[in-house]
Amino acid sequence: MSVPAPIAMLAELTHRCPLACPYCSNPLALHGKENELNTETWARAFGEAAELGVLQLHLSGGEPASRPDLVDLTRAAHEAGLYTNLITSGIGLTPARLDALEAVGLDHIQLSLQGTTPELADRIGGYKGGFARKMAVAAEIKARGIPLTLNAVMHRHNLDDLERTIDLAIELGARRLEVACVQFHGWATRNRAALLPSRAQTEAAKRIVAEAEARLRGTLAFDFVPPDYYADYPKACMGGWGSAGLNIAPDGTVLPCHAAETIPHLDFDRFPDKTLREIWYDGAAFNAYRGTDHLPETCRSCERVGIDFGGCRCQALALAGDAAATDPVCSRSPDHHKVTALLETALAEGDAAEFTYRRMPRKG
Ligand code: SF4
Ligand code: SF4
């Protein structure tokens, strides 16, 4: 098969983060500072990505502002010709740093939102005072006119707050609001019961987003990601494995998606041991699930296979025990009953479930 060039790259600059969100998509085994690529190696990666065809670079984490060299990294990405998007909780972005980021060519900021009140947001983020600091940073972003997307991660504790979330996005001058219901990867798998919204909450959210989208056309754009446990069909994870984007973990491991390391039989290459071109085109992990040949007949004969590519490989492994299977969230999957059972258990336990917060491993 012919392999297209990647369009986007997610650079997880660090796993360090002052927040401790129980739905964080980072892996359970977080990398410490000592494993992170240095400034020069990241800059090389950005240059190679641009040569490979990448257009958009997402500077992510953890909290990317935990890197003292964030401005240098952004400059390197800009000079490589990449469109730069900073994905941040806002903590660590002082006015002086925002000025410097703007001066070196930062194109866009995607600010996470844990909740619309200090009580709710600080409880979910596990960080006292975080909401107030985030709002101060949002005001500085607005004052500078830097294009802003608000990324509201939604779940059973804040989905009822959706209307206020939309109002807040407008007040903060966001151009886009991501209403992203938690997907159960990384730390969210530890918090399924505590986070899974009810079907009624999900249906209400769909109605609210549809109404707001029509009302706010031209003012605020929406991306709505419903919880896939309630969907009939899965999402096209990463736009297809190894077909649109790549991720680099803080230690240089190059991944087809941020959760790919949960598939233990895959061998992942590391940058700079190999070039990004070698890894993208010839890497064993990238070729493992490219295309649709690995999928079972249920998918290969399905009219949607070119739309969703059989769903998420990590979810297929986690729920069906086979990374090549039909994603069990699909209503046509022979394993779909496992999702139904998980849903029932999570909803029954939800009221009593406590958060397991994301934590870095203790040293020593
Ligand atoms: S989801 Fe929360 S804990 Fe994870 S990186 Fe983002 S702000 Fe930090
Ligand atoms: S059967 Fe496979 S291709 Fe068809 S909708 Fe389900 S996951 Fe997608």
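Helix H11 (297-300) and helix H12 (305-308) each contribute at least two residues to the shell around ligand 2; helices here are DSSP runs of H or I with at least four residues, strands are E runs of at least two, and both are numbered from the N terminus. The model is predicted: local features need pLDDT of at least 70 and side-chain atom pairs pLDDT 80 or more, whereas totals for chains, interfaces and linings use all residues. Residues are numbered from 1 along each chain as its sequence is written, while chains are lettered from A and ligands numbered from 1 in the order in which they are written.

The shell around ligand 2 holds 14 residues, of which Cys 299, Cys 302, Arg 304, Val 305 and Cys 330 come nearest. A residue belongs to such a shell if its C-beta atom, placed from the backbone, lies within 6 Å of the molecule. By class, this shell has 6 nonpolar, 4 polar and 4 charged residues (nonpolar: Ala, Val, Leu, Ile, Met, Phe, Trp, Tyr, Cys and Pro; charged: Asp, Glu, Lys and Arg; polar: the others, Gly among them).

The residues around ligand 1 include Cys 17, Cys 21, Cys 24, Gly 61, Gly 62 and Arg 358. This shell divides into 5 nonpolar, 5 polar and 2 charged residues. Gly 61 and Gly 62 are joined by a cis peptide bond with omega of about 10 degrees, and Gly 62 lies in the loop between strand S2 (56-60) and helix H2 (70-79).

A cis bond also links Phe 271 to Pro 272, with omega near 15 degrees. Pro 272 is in the loop between strand S9 (254-255) and helix H9 (276-282).

## Positive phi values

Most residues other than glycine have a negative phi. Met 238, in the loop between strand S7 (221-225) and strand S8 (245-248), has a positive phi near 55 degrees. Met 238 counts as buried, with 24 C-beta neighbours inside 10 Å (buried: 20 or more other C-beta atoms within 10 Å of its own, all placed from the backbone).

Phe 309 likewise has a positive phi, of about 55 degrees, and is found in the loop between H12 and helix H13 (313-320). Phe 309 counts as buried because 25 C-beta neighbours lie inside 10 Å.

Conventions: Buried ≥ 20, exposed ≤ 12 C-beta atoms within 10 Å, placed from the backbone.
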